[in-house]
Amino acid sequence: MYCYIHIPFCQSRCRYCRFSTFSWKNDIDKQIYVDFLVKEIVEYKNLDAIQRRFPSAREWQILLKSIYFWWWTPTSLNNSQLEKIINTLKNKFWFENDIEITLETTIINITKENLIEWKKLWVNRLSLWIQTLNNDSLKEIWRPNKEEIIEKLDTIKRDRRPVSGVNKSLSISLDFIIWLPYVKIWEVRKDIQFIIKKYDFVNHISLYVLEEYYDYPKKWQELSIGEDEYLEEYKNCKKYLEDSGFSRYELSNFAKQWFECLHNKAYWDHSDIISFWLWSHWYLNQTRYAYPNNFKDYYAWIIDYKEDLSEKDLFLENVMFWLRTNGLEKIVYQKLNKEKINYFIEQKLLDIEDNKLILKDDWVTLIDYIIKEII
Ligand code: SF4
C-alpha cells in the first residue's frame, strides 16, 4: 500500500501556477489543518474499504511501502507539524523497513538544520523544483535565482549524508521545465548537464513541458523558443540523460537504476493508494475516491466523488499509463483501433519495438490526442 499526503500550501506563488494553492495562509490556519489531518488519519473513515480489500489483515495491519508528501510545498509546514503527521502514520500503519518517504520542497527551505530534521523523521527522498538556471526566466516566473539554487545544492551536497540513527543518504530528484520564457534552445540540456556533472548524487530528473501542465501567459510565447523547437529540446535532454545513466521510465521521468519513484510507479500500476487531505485522491481495488478542493467541505469530511472503475475503464486507463511508460504489449494493442494504429505507424507517430507499441519521441506532446484516437 502506498500513501499520499496532500499539502495545499506554498511558500510563495509561482507566476505560471494555475492550481488552488494557499500561499497566503497563516500559521494558525496551517495548524488547524494539520490537526484535522491527524484526526483524519486516526479516525480514518475509509477503513471499511481497506478491510474489504485486505480481508485477512487485522485492523490496520497494513504495510506502507511509500509516503509521498506532495502538492504543493509540504515544507511550508514546520518540522514539528511534519513530525506529527509522520508519527500519526507510524502509529496507524506498519512501515516497510525500506519505506520511501518523499518530501516535495522548494530550494527556499533547504538548510542544514532542515536536512538533519527531515532525515530524523525518516524522510529519505527530496524532490526539488529547479525549473531552469536562467536568471531572467527565474525572475519572470517568481522563483529564487541561480546563485541561490547553487548555494542550496551545495548545502545538500555537504549535508545529505546519514545522521545518527538514520543509515541512508537523502536521495535527490530535480524538476526542470522546457518552454519557459527567455530560455534558449539547448539551454535546458546545458542546465541538466551542468547540474548532474557537479552534483553526482542527483539520481532522478523530472522534465516537463510548461504548456502541458500550466497556464501559459501570451507574452511568454514571444520570449521563448518556438513550438517546433521544444520537442528538439526534449529529445536532446532525453538523449543526454540516457547517455548519462538515467533511464526514462515515463515520458517525463528519468532515473538511475534503483531510483525510480515508488509512488509514481504505484500510480501508473493502479496499485492501492490511500491519501489524506483536501483535494486528494485515493485508489483501492478498482475504486477511486476524492476529497473536495475547498476547506469547508473537507472539514465536513465530505467525499467529493467515488467511482467504481469498470473493466473497460481500467483497460482504457492502463492503455494511457502503459503508453506513457513501457509501451503496449501486443495482446493489448490488438484490442484497439487497428486502422488508426496503422495510420499512426505509417505517419511515424507510433512504432513497434520488441513487440510493443511505443510512442515516437517526436510526438510526446501529442500523446493525449493519439490515445483518444486509438482507443
Ligand atoms: S510551487 Fe507549485 S503549486 Fe506552488 S505556486 Fe509554484 S507551481 Fe503552484
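Asn-253 is found in strand β8, which spans residues 253-255. Strands here are DSSP runs of E with at least two residues, helices are runs of H or I with at least four residues, and both are numbered from the N terminus. This is a predicted model, in which local features need pLDDT of at least 70 and side-chain atom pairs count only at pLDDT 80 or more, while totals for chains, interfaces and linings use all residues. Residues are numbered from 1 along each chain as its sequence is written, and side-chain values use heavy atoms, with hydrogens and water left out.

Is Asn-253 buried or exposed? Asn-253 counts as buried, because its relative accessibility is 3%. Buried means under 20% relative accessible area, exposed means over 50%, and partly exposed lies in between, with a 1.4 Å probe and protein chains only. Leaving aside neighbours within four places in sequence, the residues in contact with Asn-253 are His-204, Ile-205, Ser-206, Tyr-208, Ser-247, Arg-248, Asn-264 and Trp-268. Contact means heavy atoms within 4.5 Å. With one of these residues, Ser-206, Asn-253 makes a polar contact from side chain to side chain, at 2.8 Å. A polar contact is a pair of N or O atoms within 3.5 Å; within protein, one must be able to donate a hydrogen and the other to accept it, and residues adjacent in sequence count only if both atoms are side-chain atoms. Thr-325 is 72 residues from Asn-253 in sequence, and the two are 9.3 Å apart in space, C-alpha to C-alpha.

Asn-109 lies in the loop between β3 (94-105) and α4 (112-120). Asn-109 is buried, because its relative accessible area is 9%. Its side chain makes a polar contact with the side chain of Thr-75, at 2.7 Å. Beyond four places in sequence, Asn-109 is in contact with Gln-11, Thr-73, Thr-75, Ser-76, Asn-114 and Trp-118.

Next comes the ligand. Which residues are around it? They are Cys-10, Ser-12, Arg-13, Cys-14, Tyr-16, Cys-17, Trp-72, Trp-129 and Arg-143. A residue is near a molecule if one of its heavy atoms lies within 4 Å of it. The shell around the ligand divides into six nonpolar, one polar and two charged residues. Ala, Val, Leu, Ile, Met, Phe, Trp, Tyr, Cys and Pro count as nonpolar, Asp, Glu, Lys and Arg as charged, and the others, Gly among them, as polar.

At the scale of the whole protein, the domain assignment gives domain 1 (2-268) and domain 2 (310-375). Such bounds come from an automatic or database domain assignment. The C-alpha centres of the two domains lie 29 Å apart, and 15 residues of domain 1 are in contact with nine residues of domain 2.

Helix α16 covers residues 367-374, and its buried residues are Ile-367, Ile-370, Ile-371 and Ile-374. These residues are on the same side of α16, because they cover an arc of only 100° around the axis. The arc is that of the directions from the helix axis to the C-beta atoms. An α-helix has 3.6 residues a turn, so residues three or four places apart point the same way. On the other side of α16, Asp-368 and Lys-372 are exposed. What covers the buried residues of α16 includes α13 (311-324), α15 (338-346), β13 (350-353) and β14 (356-359).

Helix α15 has details at its start and after it. At the start of α15, a side-chain oxygen of Asn-337 reaches to within 3.2 Å of the backbone nitrogen of Glu-339. α15 is followed by Lys-348, which has a positive phi near 65°.

Other loops also hold positive phi values. Phi of His-270 is near 60°, a positive value in a residue other than glycine. His-270 lies in the loop between α11 (262-268) and β9 (273-276) and counts as buried, at 13% relative accessibility. Asn-285, in the loop between β10 (281-284) and β11 (287-290), has a positive phi near 50°. Asn-285 counts as partly exposed, because its relative accessibility is 43%.

The last stop is Phe-295, in helix α12 (residues 295-299). Phe-295 is buried, with a relative accessible area of 14%. Leaving aside neighbours within four places in sequence, Phe-295 is in contact with Phe-9, Phe-22, Lys-25, Tyr-33 and Leu-278.
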